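Please look over the sequence and the model shown here before reading on.

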Amino acid sequence: MSAGPSPFVPPAQPSPPAPPATPAPSASGTRLAGAVLIVSTVLVGLMAGLFFAFDVSVMPGLAAGDEQTYVIAMRAFNKAIDGNPLFGTVFLLALVGAVLSAVLEFRGGRRAVALWVGAAAVAYLVVLLITFTVNIPLNNELADAGDVTGMKDFEIVERFRTTWVTTNIIRTLLCTTALAGLARALLLHGRTTR
């Protein structure tokens with residue numbers, strides 16, 4: 001007579017289903033994310049360079065001259081920049097590119113890269129906010145100040161020498177911070193996609 005199953009041995013439990021595998025990002029998606037990250041880095045670098053050039057050459061050079069020259073030159077600089085579609089494209093696409101890059105990196109599973117790019121995008125967004133709330137209103141006020149030959153009150157020049165110059169230094173620092181974040185993201189992107 002054969003012995004039946006031992007009443008003390010529990011029946012075998014079915015193994016739990018395996019968690020669904022996260023699909024690996026496609027090679028084309030990874031290449032697109034990398035390309036957008038490179039373009040964003042270049043665009044932010046161009047803006048950091050522009051602001052830096054004003055900090056170290058344009059504004060100190062203007063400060064060494066008289067008020068009338070200051071007004072005439074700043075008006076000419078602002079008109080040249082405002083009327084240049086390439087500048088406007090770079091100025092705005094730097095933010096768009098950084099945000100798109102952060103999204104692509106996050107969707108590709110590279111969350112550390114996305115975090116660095118996102119931080120860079122926030123820093124550059126602050127640059128835009130400063131530009132639209134401080135620098136552009138001062139530029140417009142200077143443009144509307146009338147004929148420079150008849151100007152008696154050059155108080156607007158003093159505000160440029162203090163407020164505009166200070167906020168431009170802040171924009172340079174923020175752009176440089178964003179550029180450093182994007183450079184770090186490029187390094188991490190390269191490591192994680194080898």
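## The largest pocket

Helix α4 supplies five residues to the lining of the largest pocket, which is the largest share from any element. Helices here are DSSP runs (H or I, at least four residues), numbered from the N terminus. This is a predicted model, in which local features need pLDDT of at least 70 and side-chain atom pairs count only at pLDDT 80 or more, while totals for chains, interfaces and linings use all residues. Residues are numbered from 1 along each chain as its sequence is written, and side-chain values use heavy atoms, with hydrogens and water left out.

The largest pocket has a volume of about 290 Å³, a volume being the space filled by probe spheres set on grid points that are joined across faces, edges and corners. A pocket is an open set of points, on a 1 Å grid over the protein atoms alone, where a 1.4 Å probe fits, with protein on both sides within 12 Å along at least five of seven lines, and lining residues have an atom within 4 Å of a point. Of the 20 lining residues, I81, D82, F87, T131 and I136 are the closest to the centre of the pocket. The elements that give two or more residues to this lining are α1 (27–63), α2 (67–82), α3, α4 and α5 (155–192). By type, the lining divides into eleven nonpolar, seven polar and two charged residues, where Ala, Val, Leu, Ile, Met, Phe, Trp, Tyr, Cys and Pro count as nonpolar, Asp, Glu, Lys and Arg as charged, and the others, Gly among them, as polar.

## Helices α3 and α4

Helix α3 (residues 85–107) packs against helix α4 (residues 111–143) at an angle of about 155 degrees, with their axes 8 Å apart. Axes are lines fitted to C-alpha atoms, for helices over the stretch in contact, and angles run from 0 to 180 degrees between N-to-C directions. The two helices α3 and α4 are therefore roughly antiparallel, a term used for angles over 145 degrees. Their contact (heavy atoms within 4.5 Å) involves residues including V90, F91 and A94 of α3 and R111, V113 and A114 of α4. The residues of this contact divide into 16 nonpolar, three polar and two charged.

## Helix α2 and its partners

The axes of α2 and α5 come within 10 Å and cross at roughly 55 degrees, which makes α2 oblique to α5. Here E67, Y70, V71 and M74 of α2 meet V157, F160, R161, W164 and V165 of α5.

Definitions and conventions:
Angles under 35 degrees count as roughly parallel, over 145 as roughly antiparallel, 65 to 115 as roughly perpendicular and the rest as oblique.
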